[in-house]
Structure formats: structure tokens, C-alpha cells
Amino acid sequence: MKEAYDVLVVGGGPGGALAAKAAAEQGLSVLLVEKRPAIGAPVRCAEGIGKEALAEFIEPDPKWIAADLDKAVLIGPDGTKFTIGNNHSGGKVGYVLDRKVFDRELVWQAAEAGAEIQVHARASAPIMIDGKVSGAVIHQHGKTYEVRAKVVIAADGVESKFAKWAGINTTVPLTELETCAQYIVNDIDIDERANLFYISYTDAPWGYIWVFPKGHRCANVGIGIAGTKSGEGHRAKDYLDRFVAREFPNGKITELIVGGVSVCKPLECTVADNLIIVGDAARLSDPITGGGIYNAMYTGKLAGEVAAAALKKGDTSKMALMVYDTTWREGPLGHALARNYAVKESFIKMDDAKFNSIIHSMSDLSLDEITVKSLVIAIFKANPWLALELPRLLMTL
Amino acid sequence: MIHIRRDVCGYCGACVSVCPRGALELIDAYLTVDETLCKSKCKICSTVCPLGAIELEEQ
């Protein structure tokens, strides 16, 4: 570890890896620190991603693809199913990744581009000079280092602390933090090409249950519920245990994964002097799906590029870095997040009778495109009464 | 004071993200609480925990 770098990236997930790679490709000296001893572990993710989204950043590789999907199935409280995509969609839908391998691949790519990687290296505080982030204190193997950097990219995930230490309020409201538990369940009868989403207030209040295949007779089976719906005897794991006992009584559980996913609005501003915040740390996970991989990769890459451009001009002030914030916020990502937040606010509090009614109304429809937007438009078409109840949402589509 | 049941905690960080005082931190693979910051009145962390690893201890 050197004393100073152009760019310090805190966190070795997809956001940090893409940031480090992009900055290194621009010829900058880059240090990426990951507090855990291994990149990619432990997994905190249901591992689903759209194919087209992923293709923006990386060629698909069977090494880290656990399942290739051609449909998504919504399952209502009474068990009624609505399938999106079909066998004719040519497997364009999405993948379930193996994040342990995927994350390592992304970090390797950053290293290949010239970034220095340090694992089991934890940022414990920013170095602040004149109120501006100027590096970080790093702990590794019992030693403490003061590492200076012209730009710090905070990619420290849902448990992000770096931006908070720098004075930015990153606290997620309890009701907008989905508390999640997931098992890898083996030896179960599943459609290995379909992601299942169970929508039910009773079974997953203000959240959903997912079954994402991970190959032959194996799936990620998980749940997210709103933080305010959690409590003693009715925590995410309690709901998940009930679901697994009911749906997969003979399944063999080989891994327990827990985590939090924010479904709030993004941070009001994702830059400060010499600081850029990306991915989950910037609260950029999708408010409807909870998906965050693409959003982290997109903002990570953008952050690396913006940092490089700012350094070339010799100005890494908040004003100079604002182009990062405006680019994602005013582009397709920001619009999708704003729309999906509105969708979430409109649908999350519906009761099971309403969910049943909506899914019944869709049973005759077929939908090939698996996006939140196309789904919500289809729901509106099949349920004209919703336009009266959710006029503001209609405007956002 | 809050008590972290280390044998139950899945060190996922859900509690860290909702703590309004920034008192919790996930250091590598264990959760720590800064008792100078935590007032252990809000119970947000023990509510949100997916596993039930955080208990409130009587003073």
C-alpha cells in the first residue's frame, strides 16, 4: 500500500470494481480496499440480473452464470400465476449469477486494468482536510495506514459508513429497509428457467418471496419484508421458514444468507468535495425489485470516469463532480428509480384481496417484456379502476 | 445497552443502514456497537434484524 493515490475505492463489490477499473483504464493510480478477507463472500444477494443490462459491462461467462432464464412468474396470494416471457422469448430474460465468482471476476478485471487491490483492509475513517475528504485511514492485518487520495469513491454497500463519516446522512428509514433472509435449497422440483415472485401481504408483508433457480434442482429461496413489519417471532427468517416448510418440505438447505436492501429514494446528493458515492451506498437499489447489481455497476463505472475527467482538469470539488450526480439522476437509471419508487409507494400497501384481483385480471394476458414499466402498464390496462386510485402513478409511466 | 448475540448474527449490515445515530458498524465479519453513540432507546436495530441477533439489556 502506498501513501497516496489518485483514487481510493472503498468496497470490492460490483460498484467498487467497476469504479476502480474505469479509473485505472484512464491511467489513474487506484487503490481498492475490501474489508472482508475475500471478494464476493459472503453473498448478500438473490443474484438475479437482466441480460441486456449485464451485457453493457461484461461478456456472459458460464463460470459465473448459475441459471439462464426465459420467464418470470408472479404468484398471487391465492396461488394464481401470471407468467411474463415465454419459451419464444429466446432466453433473453435474465440470469441468476454466482456472485462469489462474478464479483471476483470484476475485481480481477480492475486489477488487470492496473488498480491495486487490498483485501481484509478496512477504511475506518475519512481523512478530512479543511472539511474535505482527502483519503482514508485503513486498517489491515493489525496495522494502520493513512492513505491520501484526490478522490474517494464510496462503494461500501448497504452497510455504508464512509459517506456518513464524511457528514452525509445515509440513514435508511426503517420502513424502507427490506430485511431479507434467503436459503440455497437443493433437491427441489423447480422450473430451472423461471424466476418466481410470490406477492402476498400475509406471507411477505410489504415485500415479496423469490425463488430464483441456481441450476439443477437448486434455487435461491428468499424473502424481503419491510423493516417495520419485522419483530420478535415474525422476522424475515421466520417467514422464510414457514414458506420453505410449506413449498419445499423435503428441500435440503445448504446456505443461509441474510441482508438488507434499501427501497428508499436515492441520497439527495451523491457527491461531495473529493467524494463520489455509488451503488447501494448511494441507496440506488431498485425500490420494486430490490435489484442493485446493474445500478452499482453503472454508477461505479460512471464514478471512475468522472473522477478521471475531474483529475485531468485539476478540480475535484463537489461542483466539478456534480456531473456524476446529474448524469445518473437525469438519465435512464434516475428515471427508472423515480418511477419504480412511485410504483412501490402505490402497490406496497395493498391487501391480499387487491393483489388477488389484479393477478386474476391478468390471467388472459401475455407479456413478453419483463420490465417493471411494461408490467405496470399491463396492470393498468387490465384494471381501469386503478387509474382512479393511482392517478399520480399513471402520470409517471 | 444493546447486546449482540454473536452466535445468531449473520453480519449482514441491515441494522447498520437504519441506525439513526451511526452507532453500529460491520467490521469484517462481526458487528460492533459504539456505546457512546447508541442510546438504546429506539430499538430500530433489534426490530429490523432478520435473525433476531440484537437484544436490549436492562441497565
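**Two interfaces in one model: domain to domain, and chain to chain**

Good morning. Domain 1 and domain 2 of chain A bury about 830 Å² between them, and 49% of that area lies on carbon and sulfur atoms. On the side of domain 1 of chain A, the residues that lose the most area to domain 2 of chain A are A:Val43, A:Val158 and A:Val172, which together make up 54% of what that side buries. Please note that this is a predicted model.

Let me place the two domains. The assignment gives domain 1 of chain A as 4-43 + 100-172 + 265-330, and domain 2 of chain A as 67-93 + 173-262. Their contact takes 11 residues from domain 1 and 10 residues from domain 2. Over C-alpha atoms, their centres are 30 Å apart.

Which polar links cross this interface? There are 4 residue pairs in polar contact and 1 salt bridge. By class, the side of domain 1 of chain A that touches domain 2 of chain A has 4 nonpolar, 4 polar and 3 charged residues.

I turn now to chain A and chain B. Here the buried area is about 2100 Å², with 58% from carbon and sulfur atoms. Chain A contributes 32 residues to the contact and chain B contributes 25. In chain A, A:Lys161, A:Leu174 and A:Arg235 lose the most area to chain B, together 25% of what that side buries.

Between these chains the count is 1 salt bridge. A:Arg122 forms a salt bridge with B:Glu25, with the closest N and O atoms 3.6 Å apart. The largest share of chain A's side, 4 residues, comes from β16(A). Thank you.

How values were computed: Residues numbered from 1 in each chain as written. Chains lettered and ligands numbered in written order. Predicted model: local features only at pLDDT ≥ 70, side-chain atom pairs only at ≥ 80, totals over all residues. Heavy atoms only, no water. Domains from an automatic or database assignment. Contact = heavy atoms within 4.5 Å. Buried area = accessible area lost by both parts, 1.4 Å probe. Salt bridge = Lys/Arg side-chain N within 4 Å of Asp/Glu carboxyl O. Polar contact = N/O pair within 3.5 Å; in protein donor to acceptor, adjacent residues only side chain to side chain. Nonpolar A, V, L, I, M, F, W, Y, C, P; charged D, E, K, R; others polar. Helix = DSSP H or I, 4+ residues; strand = E, 2+ residues; numbered from the N terminus.
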